[in-house]
Amino acid sequence: MEIYLDNCSTTRPREEVIEEMVKALRDEYGNPSSLHRLGLKAEKSIEHSRQVIASALRVSPDEVYFTSGATESNNLAIKSIIDKYSKFGKHIITTSIEHPSVLNVMKKYEERGYDVTYLKVDSNGVISLEELANCIREDTILISIMQVNNEVGSIQPTWKVKELIKEKKSRALLHVDGVQAFGKIPVKLKDWEIDAFSISGHKLHGPKGIGVLYINKDLKLSPVVYGGNQERGFRSGTENVPGIIGLGKAVEIMEKNFEVEQDLVRKLKLYFIDRLQEIDKILINSKDEYSSPYVLNVSFEYVRGEVLLHYLENKGIYVSTTSACSSKGSKKSQVLAELGLTDRQIEGAIRFCLSYEITKEDIDYTIDVLKDSVEEIRQITMR
Ligand code: PMP
């Protein structure tokens, strides 16, 4: 029995993705920059993937750049926007619950004299648009907000941000970390006037080590890394051809199945929440109205998250306590602290991240195991 509920950390690649990648590794080993037939074949495959991804994002293919993953996409977006706009000001706005690939870049800019405003979130993990409007200043050059949080799944109202920027007559650009959103909730880059958007392959049943950065083509940003001028000079380095082909396949299937899978997962999440009520002293940190259908963070009071994680693992259920990126550190979850949770609630938090592969029977089994495990652990901790 294996029930994989850690899909925010990474996802299992779809069979079709694996098949395409093996084929690419075996047959498409040419360098896309080479002028012979093998090179041209690899180049054509890359452009096909770019087309598929652009079409899923409803943007133009020349606005899609391949990177090594969303950590690079976030770094690249933030650094290249700041490089270009720093002459207009040194103020940046972000949120207090961003991924480390945004927060740690912001820290570096603070050390260099930039002023960074970290928006607070409410108990559902959502920013206040009023606070955001009040923070936009004449010298604000960048607003970077994640679409869906990776620990609690809260959805930020990025669709309103450009409106506020315009009302304030600001020139600030909008970057959105879309890693946990793309393919999971509807995102409209052009309607919402998002300037830059980051995607990661391994969060959508594609391969690891491949990502995308969308950049509005009117921006004409400068590269951060220089080299052989691949990716139209913006992101040099020989392309990860199998990764790009695998990502293209994953996005193609995801796009086709989006509504069916989202509907299925939402119903499962609601069912999961319903059945969790059979366990006392819990707190749901990912309420349906404010969060992605794919993420369900729950605090089990009087239980240590890591202990419960291993109880579940022994029964074939895989979950996380906090985000995979910070779970190896001893620090408590900063995101849950920002939501205003008590230490006891933070300590007992478990993140269940769903996928199209999960069934109602899997949830029933998980609930049975949870009930027994939580009771057993509490018998020791509450003695
Ligand atoms: N942003 C968010 C919201 C994430 O969840 C992750 C992955 N944990 C990243 C960025 C980084 O993505 P990658 O693993 O592709 O570098």
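**Close-up 1. The structure, a predicted model, holds 1 disulfide.** The bond joins cysteine 8 to cysteine 353, with an S to S distance of 2.0 Å. Cysteine 8 sits in the loop between β1 (3-4) and α1 (15-27), while cysteine 353 belongs to strand β12 (residues 349-353), so the pair ties together parts that are 345 residues apart in sequence.

**Close-up 2. The S-S bond of cysteine 8 and cysteine 353 is shown with its torsion.** The torsion about this bond is about -90°, so the disulfide is left-handed.

**Close-up 3. Burial of cysteine 8, cysteine 353 and cysteine 135.** Cysteine 8 has a relative accessibility of 4% and counts as buried. Its disulfide partner, cysteine 353, is at 0% and also counts as buried. For cysteine 135 the value is 16%, which is under the 20% cut-off, so cysteine 135 counts as buried as well.

Close-up 4. Residues Arg14, Gly183, Lys184, Leu204, His205, Met254, Glu261, Tyr294 and Tyr356 line the largest cavity. By class, this lining is made up of 4 nonpolar, 2 polar and 3 charged residues.

**Close-up 5. The largest cavity lies between domain 1 and domain 2.** Domain 1 comprises 3-11 + 257-381, and domain 2 spans 15-252. Both domains give residues to the lining, so the largest cavity is placed between them. Among the lining residues are Lys184, Leu204, Tyr294 and Tyr356.

How values were computed: Residues are numbered from 1 along each chain as its sequence is written. This is a predicted model: local features need pLDDT of at least 70, side-chain atom pairs count only at pLDDT 80 or more; totals for chains, interfaces and linings use all residues. Side-chain values use heavy atoms; hydrogens and water are left out. On a 1 Å grid over the protein atoms alone, a cavity is a set of points where a 1.4 Å probe fits but cannot get out, and a pocket is an open set with protein on both sides within 12 Å along at least five of seven lines; lining residues have an atom within 4 Å of a point. Ala, Val, Leu, Ile, Met, Phe, Trp, Tyr, Cys and Pro count as nonpolar, Asp, Glu, Lys and Arg as charged, and the others, Gly among them, as polar. Domain bounds come from an automatic or database domain assignment. A disulfide is a pair of cysteine sulfur atoms within 2.5 Å. Helices (H or I, at least four residues) and strands (E, at least two) are DSSP runs, numbered from the N terminus. Buried means under 20% relative accessible area, exposed over 50%, partly exposed in between (1.4 Å probe, protein chains only).
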